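Work through the exercises below with the sequence and the structure open. Try each task before reading its solution.

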Amino acid sequence: MAVTPDQILSDLKAGKYAPVYFLQGEEPYYIDQISDYIEDHCLAEAEKGFNQTIMYGKDVAMSQVLTAARRFPMMAERQVVIVKEAKDIQDINKEEGQSLLINYLDNPVPSTVLVFAHKHKKVDGRKPLAKTLSKKALLLTTSKLRDYEVPKWIEGFAKEKGFNIGYQSVQMLAEYLGNNLERLSNEVNKIAINLKPGEEITPAHIQKYVGINKDYNVFELQKAISTGDVLKANRIVNYFSANIRANSIIPMIAVLYSYYTKLLLLHSAKDKSDSGLARAMGLPPFVVKEYKVAANRYPLQKVMQCISHLREADLRSKGVDSGSMPEEEILRELVFKLMH
């Protein structure tokens, strides 16, 4: 049965355990979260010595995993078998190994909690194993968040931890940390342990505890470009250029490309109301006004030119037609072209 991470964690916290968990997909954060929870909480500490088995895929074949799963617990209600890096099980992609698992799924041992942490990969959906897993195991398939989904995830994670977080703070974290949920959760936790419950996470907190400068970051550069503040833009470019290794142009280009893509959506949207534009661009309604102001500076033709400049800078930053042009000069030229 396919389920969401929240559904699984909710059941686990209520003490409801399934016989088989198959956790697969590109996003390892939820796979680790669930397998770690089972490892830490399914058994009492005194029971773990005899009843908890941790295996690593590259060290075992499917028959060894299932032999362990078929044992009965010793002086405990259940036993736990966790296979980490399960995609590396020696015969998991072979017919024999898959047949063994299918047979086990038809009649799992009810006193065993068997967990496959199959990170960074999915079982071939065309094979019989995939169909059996979807019917007879608790199946979780994870995908990397898309860029536009990251801000909402950060807001939700901060709220879950008992903190408020403003739009600018969310954008700073999303732009600099991307969609790596493990890194995002670690950085938000790092901030949270230094704040009081209910306090708002601000750009100043991010600067202090994460190391992202609240005045010199791509979010502020984007704002300076969009408002035509040449002095501020040049200050930020100079700051980045002084330490270009720590301020690579490539993630900046990605953020600015996203910005101009949203302006393109604004110009092409049929519903020009704030709510309609917010839906079209995937933004909170209160942010739309900033984009409407920027759209006056950047008509459709200019937006398309800017996207072209960004693509050219992206290729140059990766060594295509760049000659000996250093990265900081590519950045300076790009910002100049975007603003003039």
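The exercises go from the whole chain to single residues.

The model is predicted, so local features need pLDDT of at least 70, side-chain atom pairs count only at pLDDT 80 or more, and totals for chains, interfaces and linings use all residues. Residues are numbered from 1 along each chain as its sequence is written, and side-chain values use heavy atoms, with hydrogens and water left out.

**Exercise 1. The whole protein**

Task: Describe the protein by its helices and strands, its span and its buried share.

Solution. 
Step 1. Take helices (H or I, at least four residues) and strands (E, at least two) as DSSP runs, numbered from the N terminus. The protein has 17 helices and seven strands.
Step 2. The C-alpha trace spans about 75 × 45 × 45 Å along its principal axes.
Step 3. Call a residue buried under 20% relative accessible area, exposed over 50% and partly exposed in between (1.4 Å probe, protein chains only). Of the 340 residues, 48% count as buried.
Step 4. A contact means heavy atoms within 4.5 Å. Among contacts with a separation of 6 or more, 74% come from residues 24 or more positions apart.

**Exercise 2. The nonpolar cores**

Solution. 
Step 1. A nonpolar core is a set of buried Ala, Val, Leu, Ile, Met, Phe, Trp, Tyr and Cys residues joined through side-chain atoms within 4.5 Å.
Step 2. The largest core has 46 residues, and those touching the most other members are Ile8, Tyr21, Ile38, Trp153, Ile154, Leu173 and Ile201.
Step 3. Helix H2 (residues 28-41) gives the most to this core, with six residues.
Step 4. A second, separate core holds 41 residues, including Leu221, Tyr259, Ala269 and Tyr298.
Step 5. In soluble globular proteins, nonpolar side chains tend to be buried together.

**Exercise 3. Surroundings of two residues**

Solution. 
Step 1. Gln98 is buried because its relative accessibility is 8%.

**Exercise 4. Helix H14**

Task: Which residues of H14 are buried, and which helices do they pack against?

Solution. 
Step 1. In H14 (residues 274-281), the buried residues include Gly276, Leu277, Ala278 and Met281.
Step 2. The buried residues of H14 pack against helix H13 (249-268) and helix H15 (285-297).
Step 3. Just after H14, Gly282 has a positive phi of about 70°.

**Exercise 5. Cysteines**

Task: How many disulfides does the structure hold?

Solution. 
Step 1. A disulfide is a pair of cysteine sulfur atoms within 2.5 Å. The structure holds zero.
Step 2. Cys42 is buried at 7% relative accessibility, and Cys306 is buried at 0%.
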